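Here is a briefing for a reader who is new to this structure. Please look over the sequence and the model first, then read the notes by topic.

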Amino acid sequence: MNIKPLADRVLILPAPAEEKVGGIIIPDTAKEKPLRGKVVAAGNGTKDEEMILKEGDTVLYGKYAGTELEYEGTKYLMMRQSDVLAVIE
């Protein structure tokens with residue numbers, strides 16, 4: 001990965017949105033934004049806040065958290081560690 005987040009930021013690969021529900025195919029316009037993803041890269045933290053997230057963690061985040069960016073055809077979210085709600089173990 002060529003993107004290295006700075007300070008207390010993490011780069012997250014969102015989980016894919018649901019394509020089917022009970023045999024019904026959901027169109028792109030009706031898909032809900034996923035609220036979980038995988039940490040792809042993490043910064044070093046700040047002097048006031050230690051980085052507790054690490055690469056490979058599966059996390060939950062708020063619906064409008066982060067900034068969307070696209071790199072080499074893949075969509076990612078960049079957000080602060082404080083925007084992450086929970087780590088799924």
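This is a predicted model: local features need pLDDT of at least 70, side-chain atom pairs count only at pLDDT 80 or more; totals for chains, interfaces and linings use all residues.

Residues are numbered from 1 along each chain as its sequence is written, and side-chain values use heavy atoms, with hydrogens and water left out. The protein has 8 strands and 0 helices.

**Overall make-up**

- Along the sequence, the pattern reads β-β-β-β-β-β-β-β; strands (E, at least two residues) and helices (H or I, at least four residues) are DSSP runs, numbered from the N terminus.
- The protein has 89 residues, of which 28% are buried; buried means under 20% relative accessible area, exposed means over 50%, and partly exposed lies in between, with a 1.4 Å probe and protein chains only.
- Of the contacts between residues at least 6 apart in sequence, 65% join residues at least 24 apart; a contact means heavy atoms within 4.5 Å.
- The accessible surface is about 6300 Å², and 51% of this surface belongs to carbon and sulfur atoms; such areas come from the Shrake-Rupley method with a 1.4 Å probe, and for residues only the protein chains shown count as cover.

**The sheet**

- An open sheet of 6 strands runs in the order β6-β7-β1-β4-β5-β8, with antiparallel pairing; two strands pair if DSSP finds at least two bridges between them.
- β6 (67–71) and β8 (84–88) are at the edges and have a single partner strand each, so one side of each has no neighbour in the sheet.
- From one strand to the next, the twist averages 40°; axes are lines fitted to C-alpha atoms, for helices over the stretch in contact, and angles run from 0 to 180 degrees between N-to-C directions.
- Strands of a sheet pair through backbone hydrogen bonds, either parallel or antiparallel.
- β1 pairs with β7 (residues 74–80) in the antiparallel sense over 4 bridges.
- Within β7, R80 is the bridge partner of R9, and M78 is the bridge partner of L11.
- β6 and β7 also run antiparallel and are joined by 5 bridges, with T67 opposite M78 of β7.
- The hairpin of β6 and β7 has 2 residues between the strands, and E72 takes a positive phi near 50° there.

**Nonpolar cores**

- The largest nonpolar core has 12 residues, among them V10, I12, V39, M51, V59, L77 and V84; such a core is a set of buried Ala, Val, Leu, Ile, Met, Phe, Trp, Tyr and Cys residues joined through side-chain atoms within 4.5 Å.
- At least two residues of this core come from each of β1, β4 (36–42), β5 (58–61) and β7.
- Not counting residues up to four places away in sequence, I12 touches G37, K38, V39, V40, V59, Y61, Y76, L77, M79 and V84.
- Another core, of 5 residues, lies apart from the largest one, and includes I3, A41, Y76 and M78.
- In soluble globular proteins, nonpolar side chains tend to be buried together.

**Salt bridges**

- The count is 2 salt bridges, where a salt bridge is a side-chain nitrogen of Lys or Arg within 4 Å of a carboxyl oxygen of Asp or Glu.
- One joins R80 to D8, with the closest N and O atoms 2.8 Å apart.
- This pair links distant parts of the chain, since R80 is in strand β7 and D8 is in the segment before β1, 72 residues apart.
- D8 is buried at 7% relative accessible area, whereas R80 is partly exposed at 35%.
- Leaving aside neighbours within four places in sequence, D8 is in contact with G45, T46, E49, M51, M79, R80 and Q81.
- The side chains of K54 and D57 also form a salt bridge, at 3.2 Å from N to O.
- D57 is buried at 11% relative accessible area, and K54 is exposed at 52%.

**V87 in β8**

- V87 lies in strand β8 and is partly exposed, at 39% relative accessibility.
- V87 and V59 are 28 residues apart in sequence, and their C-alpha atoms are 4.4 Å apart in space.
- Residues up to four places away in sequence aside, V87 touches L53, D57, T58 and V59.
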